[in-house]
Amino acid sequence: MDWSEDSVETRFVQPYEAVKLYVCPGCGRDIARGVGHVVAVPRLAPDLRRHWHKGCWNNRGNRPPVN
Ligand SMILES: [Zn+2]
């Protein structure tokens, strides 16, 4: 998956909006309910959108995604 800036649209999910549990592809760990985070939507494949910890998203260039 290409998570480069040009290939995805991102949106910040506010803590009150985070009502489901997600697994962050950056670290493979859960994003707990109530934690603000980033949703990254591939422009060419919106179905493959993923939820990331904000820190993992910002650091994805240095630490390749685990899944
Ligand atoms: Zn993470």
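Predicted model: local features only at pLDDT ≥ 70, side-chain atom pairs only at ≥ 80, totals over all residues.

Me: Which residues are called donors of the zinc ion, and what makes them donors?

Reply: They are Cys24 (SG), Cys27 (SG), His53 (ND1) and Cys56 (SG), lying 2.0 to 2.4 Å from the zinc ion. A donor is an N, O or S atom within 2.8 Å of the metal, so these atoms qualify. Along the chain, the donors follow the spacing C-x2-C-x25-H-x2-C. Cys27 and His53 are 26 residues apart, and the pair links distant parts of the chain. Cys27 is in the loop between strand E2 (22-23) and strand E3 (30-31), while His53 is in the loop between strand E5 (50-52) and helix H1 (54-58).

Me: Why is the site of the zinc ion called tetrahedral?

Reply: The angles among its four donor atoms are 102 to 118°.

Me: Is Cys27 buried, exposed or partly exposed, and how do you know?

Reply: Its relative accessible area is 23%. Buried needs under 20% and exposed needs over 50%, so Cys27 is partly exposed. His53, at 21%, counts as partly exposed too.

Me: Why is strand E4 described as largely enclosed?

Reply: Five of the six residues of E4 (residues 37-42) are buried, so the rest of the structure largely encloses it. E4 pairs with strand E1 (residues 8-13) in the antiparallel sense over six bridges, and Phe12 stands opposite Val38 in E4. E4 also pairs with E5 in the antiparallel sense, over three bridges; there, Val39 has His51 as its bridge partner.

Me: What makes Trp3 and Trp57 an edge-to-face pair?

Reply: Their ring centres are 6.2 Å apart, with 85° between the planes. Trp3 is in the segment before E1 and Trp57 is in helix H1, 54 residues apart.

Me: Why is the pair of Trp52 and Trp57 given its label?

Reply: The centres are 5.0 Å apart and the planes lie at 75°, so this pair is edge-to-face. Trp3, Trp52 and Trp57 form one aromatic cluster. Trp3 is buried at 9%, Trp57 at 5% and Trp52 at 0%.

Me: How do you know that a charge sits over the ring of Trp57?

Reply: The charged end of Arg60 sits over that ring, 3.6 Å from its centre.

Methods: Residues numbered from 1 in each chain as written. Heavy atoms only, no water. Donors = N, O, S within 2.8 Å, 3.2 Å for Na, K, Ca; no water. Tetrahedral: all angles 85-135°; square planar, octahedral: opposite > 155°, others 65-115°. Helix = DSSP H or I, 4+ residues; strand = E, 2+ residues; numbered from the N terminus. Buried < 20%, exposed > 50% of the residue type's maximum accessible area, 1.4 Å probe, protein only. Pairing = 2+ DSSP bridges. Phe/Tyr/Trp six-rings, centres within 6.5 Å; stacked < 30°, edge-to-face > 60°. Lys NZ or Arg CZ within 6 Å of the ring centre and 35° of its normal.
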